Amino acid sequence: MINEILWSYIYASVIAIIAITVYGMASRPHITKKLIMLSILSDTACLMAVLIGIHSGTIKPPVFPGISFTNHPQVGTAELDVFSYEAVDPIPQVLVVTAIVIGLAVLLFLSYIAILLYQKYGTLDVRLIELKREWDSV
Amino acid sequence: MIEQVSLYTLLLTLFMTYAIILTYKTLTETNLVKAIIYSAGQAIAYTLALILLAAPDLVLAYVAVGVGMYTALFLFVVSRTENHEYESLEEALKAMGVNVDE
Amino acid sequence: MSRSKGMKNRDITKEIIVAIFASLLIIVFASAILFSGAIAIPPQPTNRPLASFYLRTTYNWEFKWLWSSSPEIVTSILWDHRGIDTVYETSVFFFAIIGALMLIRSYKGGSKYKAVGMSIIARSITKITLVSIPVIALSIAIHGHLTPGGGFQGGSVFAVSTLLAIIALGLGFFMERRWTEHRLLGLRTLGLMIIGFIAISLPIIGFFKGYSGYIMQNQWKPWSPLGFGYVFNLSGIEILYSGSLLFLNLAEFLAVSAGLTLAFIALALPKEDIRKGGGLDD
């Protein structure tokens with residue numbers, strides 16, 4: 001009973017963080033604050049993908065233990081049965097490594113554009129940029 | 001009704017609570033340097049949760065990228081642009097020197 | 001100015017609409033995930049069949065038709081089973097580096113920066129860690145097919161050490177040693193070319209020999225009998241290099257560390273050089 005309450009709380013907190021960041025991106029007027037919320041949103045989506053892959057009981061990482069450059073015994077089906085019963089799903093972790101790299105690339109590009117925007121308009125507040133564009137086009 | 005609750009579940013709920021509180025404080029803070037430091041704390045809470053979920057490749061990638069590079073990147077952006085975020089439009093116009101009295 | 005009062009009313013209505021829309025989105029999203037069976041509360045007792053298939057066949061010495069000769073399942077899926085995804089991800093990262101050159105496109109580099117950093121205590125400690133962190137990063141990249149790690153993890157740890165050097169030792173530390181943006185971009189392109197060459201080498205060899213090979217193929221398969229091998233015999237000792245995984249990890253380490261160093265050097269230039277280099281004042 002308490003176990004189910006705690007696991008529901010963990011899943012609900014991930015979804016609550018997604019809700020807070022989406023609201024923060026839409027309602028805050030400063031561009032740097034929007035970039036911070038975007039970085040938190042992409043990291044939370046990666047954490048949720050890893051949460052889907054675990055199972056209850058003993059959890060081990062998906063690496064076969066004890067292998068080095070010179071010590072590699074021939075591993076057969078008997079040892080692999082024990083290994084595949086305890087290890088975690090490796091596929092969400094592969095997709096998350098790719099997602100972290102792409103999130104970093106997008107944020108680097110956006111912050112360069114933010115610096116160039118400040119040089120052109122003198123401010124990074126979205127409402128003031130809107131007013132300046134109206135007044136310049138009159 | 002109270003069966004055995006493992007230490008694993010308790011630690012995971014503790015780290016997710018840290019993450020929610022720090023995310024909310026990042027949202028409502030108007031001094032941008034403080035908001036960046038709160039987001040670094042939230043990234044550390046995520047690293048601890050990823051260790052518990054048995055993902056060692058992700059821990060190595062996330063510590064270098066999430067805690068180190070994002071904080072440094074945003075601090076560089078703040079030092080080349082401005083530092084304060086104004087909530088209402090009158091305060092922003094007053095800071096730029098426009099006369100707002102009505 | 002009657003503009004300000006109109007702005008206040010429009011702000012509150014817009015905020016309410018945004019809040020209602022965001023909460024509706026979240027409720028639909030959460031119920032779709034919960035009722036489709038992807039999440040079970042508490043988590044499910046056994047692995048899914050696809051995960052079990054990958055865990056059983058990646059390092060199986062008795063059935064070598066589907067293996068990738070590496071005990072590290074995540075790296076072998078990244079570079080062998082789903083290798084083309086990783087090639088595209090590396091090229092997406094290249095576009096962010098092009099954005100860095102957008103800031104400094106008419107900037108002529110020079111050695112007029114002196115290495116002025118922080119105090120002497122911070123500088124001495126940073127010089128000590130500047131020796132140990134790149135060694136750890138290279139070790140993470142080389143052992144990427146045996147322990148957790150790989151090319152990208154090692155490259156980002158290396159980039160953190162150059163970030164420390166920029167902040168604590170000053171930008172002149174790199175400008176005196178002539179780390180210009182053209183050389184860093186050349187190193188990054190060299191890493192990408194090595195990855196591309198390894199990717200298309202086996203189909204080309206198979207074309208001249210009459211077999212058919214896959215792009216990013218690693219090991220011998222009965223329907224395309226070409227491969228990179230998996231052990232290297234060095235005077236009686238057998239060294240396990242898992243086919244093309246070792247070389248791909250080293251090339252990715254070179255590409256990622258050069259690219260991220262270039263991105264942070266372009267951010268750390270002083271404001272006047274960025275303003276003159278962006279070309280927005282013409």
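Modeller: Two residues are in contact if their C-beta atoms, placed from the backbone, lie within 7 Å. This is a predicted model: local features need pLDDT of at least 70, side-chain atom pairs count only at pLDDT 80 or more, and totals for chains, interfaces and linings use all residues. Residues are numbered from 1 along each chain as its sequence is written, while chains are lettered from A and ligands numbered from 1 in the order in which they are written.

Biologist: How many residues do chain C and chain B give to their contact?

Modeller: Chain C gives 17 residues and chain B gives 14. On the side of chain C, the elements with two or more residues there are α1 and α6 (151-169). The largest share, 6 residues, comes from α6(C). Elements here are DSSP runs, numbered from the N terminus: helices are H or I of at least four residues, strands are E of at least two.

Biologist: What makes a residue on that side nonpolar, polar or charged?

Modeller: Ala, Val, Leu, Ile, Met, Phe, Trp, Tyr, Cys and Pro count as nonpolar; Asp, Glu, Lys and Arg count as charged; the others, Gly among them, are polar. By that rule, the side of chain C that touches chain B divides into 11 nonpolar, 5 polar and 1 charged.

Biologist: Why are α1(A) and α1(B) called roughly parallel?

Modeller: Their axes come within 10 Å and cross at roughly 20 degrees. Axes are lines fitted to C-alpha atoms, for helices over the stretch in contact, and angles run from 0 to 180 degrees between N-to-C directions. Angles under 35 degrees count as roughly parallel, over 145 as roughly antiparallel, 65 to 115 as roughly perpendicular and the rest as oblique. So α1(A) is roughly parallel to α1(B). The contact includes Leu6(A) and Ile10(A) of α1(A), with Leu12(B) and Met16(B) among the residues of α1(B). Its residues divide into 12 nonpolar, 7 polar and no charged.

Biologist: What is the hand of the crossing of α1(A) and α1(B)?

Modeller: Left-handed. That means the near helix is turned anticlockwise from the far one by less than a right angle; clockwise would be right-handed.

Biologist: What makes α1(B) roughly antiparallel to α2(B)?

Modeller: The axes of α1(B) (residues 7-27) and α2(B) (residues 32-52) cross at roughly 160 degrees and come within 9 Å. Therefore α1(B) is roughly antiparallel to α2(B). This crossing is also left-handed. Phe15(B) and Leu22(B) are among the residues of α1(B) that meet α2(B), where Tyr38(B) and Ala45(B) are included.

Biologist: How do you know that the span of α5(A) agrees with its number of residues?

Modeller: The expected span is 1.5 Å times one less than the number of residues. The 12 residues of α5(A), 126-137, should therefore span 16 Å, and the end C-alpha atoms are 17 Å apart, which agrees.

Biologist: Why is α5(A) called hardly covered?

Modeller: A residue is buried if 20 or more other C-beta atoms lie within 10 Å of its own, exposed if 12 or fewer, and partly exposed in between, with C-beta atoms placed from the backbone. In α5(A), the count of buried residues among 12 is 1. In chain C, 32% of the 282 residues count as buried.
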